[in-house]
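Please keep the sequence and the coordinates in view while reading.

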Amino acid sequence: MILQRADENTICAALLCTGLGCEKETGHLTAKGFNNLIRILYMSKIYEPSQLVYMSESDIYGLKGISEETAECVYNLTRHFEQAANKAEQLYTSGIAIIGIDSSRYSEKFLRCLPYSAPGVFYVYGNDTLLLKDMISVTGLRHPSEKGAEFAKKCGKNIAEKGFCLVSGGAIGCDSIAHTSCIKYGGNAVVFPAVPLFNALQNSEIVRLCDGGKMCLVSDLNPEAAFSKSAILRRNKYIYISAKLSFVCESGISKGGTFRGALECLEKQYTPVFIGDGDGLFAEPTLLKNGAEKCEMSAIDDVICAKFDV
């Protein structure tokens with residue numbers, strides 16, 4: 001695996017979106033704020049965000065369409081570019097790469113599905129070439145029924161045997177059962193953890209799988225950031241957007257991240273959703289009503305073959 005070093009534009013995006021290299025109390029732009037800033041720069045014929053680093057305070061405040069609050073945030077952040085560049089190099093030497101929207105590893109689907117709030121950067125650890133593969137997501141309850149767990153295991157096995165990459169949130173339960181099964185049968189997994197990468201990498205088994213090329217961790221959070229509940233909701237969105245096909249093993253009754261993520265996926269039409277026949281799929285009527293399709297355990301392979309014409 002050869003990690004890609006971040007260029008000036010990617011480092012600047014990481015600085016603006018996540019406060020890379022800054023003190024923890026330093027504010028940064030939201031994804032929506034960053035996307036709006038990029039539009040403002042384009043209107044001013046500024047096509048590289050790194051140019052902000054070399055602009056004066058008056059030039060930044062003078063950008064057409066920029067608010068005073070955003071201008072102040074941008075100016076204060078870009079004064080820390082050197083610290084951000086140093087931090088990016090430290091991350092690189094520890095195995096964490098930063099990919100921006102111009103990277104081949106960054107799926108254009110994020111820009112299509114989230115035109116106003118696509119993440120400016122992702123931090124990745126592990127085999128980032130997996131991001132180039134066709135992915136199938138598997139999600140479900142943290143404490144699944146026996147049948148739900150078996151459905152997750154079967155999904156992982158079939159995804160591996162067909163040569164696709166599994167994507168999940170890596171949570172205990174259905175997520176972990178599925179990606180463990182996928183890797184056991186020779187497949188690979190991309191995981192969007194609920195916590196920043198430094199926290200996720202405390203798990204020695206995850207580190208072993210990533211270092212062995214079997215897994216890639218992906219997060220839009222600064223690796224040194226604190227835990228964020230809003231990040232969990234974002235990562236659910238990213239899982240479905242990354243996938244070309246999604247299996248929901250089981251979900252709670254009209255609540256919980258699995259249900260909300262699947263429902264948003266259906267409403268926004270990120271990807272087709274198939275729901276398993278686990279005993280704990282209490283939200284089945286709602287998901288079916290919104291466009292999900294039922295999938296018996298014996299039909300998982302057929303669904304994959306039909307979607308990818310294999």
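Which residue follows H14, and is its phi positive or negative? The residue after H14 is Asp-309, and its phi is positive, near 55 degrees. The model is a predicted one, in which local features need pLDDT of at least 70 and side-chain atom pairs count only at pLDDT 80 or more, while totals for chains, interfaces and linings use all residues. Residues are numbered from 1 along each chain as its sequence is written, and side-chain values use heavy atoms, with hydrogens and water left out.

Helices (H or I, at least four residues) and strands (E, at least two) are DSSP runs, numbered from the N terminus. An α-helix has 3.6 residues a turn, so residues three or four places apart point the same way.

Helix H12 (residues 256-268) has 13 residues and spans 18 Å from its first C-alpha to its last, close to the 18 Å expected at 1.5 Å a residue, where the expected span is 1.5 Å times one less than the number of residues. Its buried residues are Thr-258, Phe-259, Gly-261, Ala-262, Leu-263, Glu-264, Cys-265 and Leu-266, and what covers them includes strand S3 (135-139), H11, strand S7 (245-248), strand S8 (273-275) and helix H13 (284-289). H12 is followed by Gln-269, which has a positive phi, near 55 degrees.

The spaces in the model are found on a 1 Å grid over the protein atoms alone: a cavity is a set of points where a 1.4 Å probe fits but cannot get out, a pocket is an open set with protein on both sides within 12 Å along at least five of seven lines, and lining residues have an atom within 4 Å of a point. The structure holds one cavity of 30 Å³ or more.

| Space | Volume | H11 residues in lining |
|---|---|---|
| Largest cavity | about 50 Å³ | three residues |
| Largest pocket | about 660 Å³ | four residues |

The largest cavity is lined by Phe-192, Pro-193, Val-218, Ser-219, Asp-220, Leu-221, Ala-231, Arg-235 and Tyr-238. Strand S6 (215-219) and helix H11 (229-242) are the elements that give two or more residues to this lining. The largest pocket has 31 lining residues, of which Cys-17, His-28, Asp-220, Leu-221 and Arg-234 lie nearest its centre, and H1 and H11 each supply at least two residues of that lining.

Thr-18 lies in helix H1 (residues 8-18) and is buried, with a relative accessible area of 8%. Leaving aside neighbours within four places in sequence, Thr-18 is in contact (heavy atoms within 4.5 Å) with Ala-13, His-28, Val-121, Tyr-123, Asp-220 and Asn-222. The C-alpha atoms of Thr-18 and Leu-201, 183 residues apart along the chain, are separated by 19 Å.

Not counting residues up to four places away in sequence, Asp-128 touches Leu-3, Arg-105 and Cys-216.

Methods. Buried < 20%, exposed > 50% of the residue type's maximum accessible area, 1.4 Å probe, protein only. Points joined across faces, edges and corners; volume = space filled by probe spheres on them.
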